[in-house]
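Welcome, and please open your viewer. We will walk through this protein one selection at a time, and each stop says what to look for.

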Amino acid sequence: MGARRSGEPDRVKQEVAAHWNRRAPGFDADFGHSIRTPAERAAWDRILDLVVPARGKLDALDVGCGTGFLVFELAARGHRVTGVDFAPAMIAEARRKAADRALAVRLEEADAEQLPFAFDPSALTPPAGSARSSQEYAAVGDQLPFLGGRSREEIERLLTAHGLGSVCSDPLHDLVAAQAQRMVDEGLERRTHRRYVVWGDLASR
Ligand SMILES: C[S@@+](CC[C@H](N)C(=O)[O-])C[C@H]1O[C@@H](n2cnc3c(N)ncnc32)[C@H](O)[C@@H]1O
């Protein structure tokens, strides 16, 4: 990762947004952005029950919501959800799906670093198509510190360093296995993805 050059943030964001705008029309058909098998459904239900325990309705913010996968999972569980994404085509698709499903969620085209509303942490409880190999990311990859992924332990340390308490993680073995099985069922090349979820609690700060 190189030092960020002046004027670079805008260019980096433009390239990143261009990448996701380009992929928005087929994003939900891409492997890994949908739930199609009972094993995937069971894995996601386990994960969401683990990360978002039943403590009543939450105000949830999904930053980089894309076409709304998590927005809709959380809304279906009764939470009040806002999704933001700076790629207009992603937000347009998320809005189209929200209208189709008659779900009352808030979806805003916005940059995560300049959210269009007050953000009160105390109110919160908490391959060909890959970005890495894309032409847009090739142009700005040295400015993206998380490109290529980071270890679960590193992300845990990052959340802890930024003041979240009760930081936990899960290796998502069931989701990885369910997705691998779906690749086989759909006749796709079987690839094992490294996945994990890390979460923490602002309330316990
Ligand atoms: C890998 S996609 C994930 C989409 C969704 N969370 C999902 O799991 O299906 C990453 C999304 O983050 C968005 N994104 C990246 N940087 C962003 C930023 N600074 N502000 C808002 N959105 C951003 C991209 O436009 C893209 O839609």
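A residue counts as buried if 20 or more other C-beta atoms lie within 10 Å of its own, as exposed if 12 or fewer do, and as partly exposed in between, with C-beta atoms placed from the backbone. Please keep in mind that this is a predicted model: local features need pLDDT of at least 70, side-chain atom pairs count only at pLDDT 80 or more, and totals for chains, interfaces and linings use all residues. Residues are numbered from 1 along each chain as its sequence is written.

**Stop 1: the whole chain**

Show the cartoon. Helices (H or I, at least four residues) and strands (E, at least two) are DSSP runs, numbered from the N terminus. Starting at the N terminus, their order is α-α-β-α-β-α-β-α-α-β-α-β. Of the 205 residues in the protein, 20% are buried.

**Stop 2: the helix α3**

Which residues of α3 are buried? They are Phe69, Val71, Phe72, Leu74 and Ala75. The cover over these buried residues includes β1, β2 and α4. Now pick Val71. Two residues are in contact if their C-beta atoms, placed from the backbone, lie within 7 Å. Apart from neighbours within four places in sequence, Val71 is in contact with Asp62, Cys65, Val81, Gly83, Ala94 and Val105. After α3 comes Gly78, with a positive phi near 90°.

**Stop 3: the nonpolar core**

A nonpolar core is a set of buried Ala, Val, Leu, Ile, Met, Phe, Trp, Tyr and Cys residues joined through C-beta atoms within 7 Å. The largest one has 23 residues, and those touching the most other members are Val71, Ala75, Val81, Ala87, Met90, Ala94 and Val105. Two or more residues come from each of α1, β1 (59-63), α3, β2 and α4 (88-101). With five residues, α3 gives the largest share of this core.

**Stop 4: the sheet**

Select β1, β2 and β3. Strands pair if DSSP finds at least two bridges between them. These three make an open sheet in the order β1-β2-β3, paired in parallel. β1 and β3 (106-109) are at the edges with a single partner strand each, so one side of each has no neighbour in the sheet. From one strand to the next, the twist averages 15°. The parallel strands β2 and β3 are joined by four bridges, and Asp85 is opposite Glu109 in β3.

Axes are lines fitted to C-alpha atoms, for helices over the stretch in contact, and angles run from 0 to 180 degrees between N-to-C directions. α3 lies across β1 and β2, at about 175° to β2. α4 also packs on the sheet, where it touches β2 and β3 and makes about 165° with β3.

**Stop 5**

**Stop 6: Arg132**

Finish in the loop between β3 and α5 (135-140), where Arg132 lies. Is Arg132 buried or exposed? It is exposed, because it has 12 C-beta neighbours inside 10 Å. Leu147 is 15 residues away along the chain, yet its C-alpha atom is separated from that of Arg132 by 6.8 Å. Not counting residues up to four places away in sequence, Arg132 touches Tyr137, Leu147 and Gly148.
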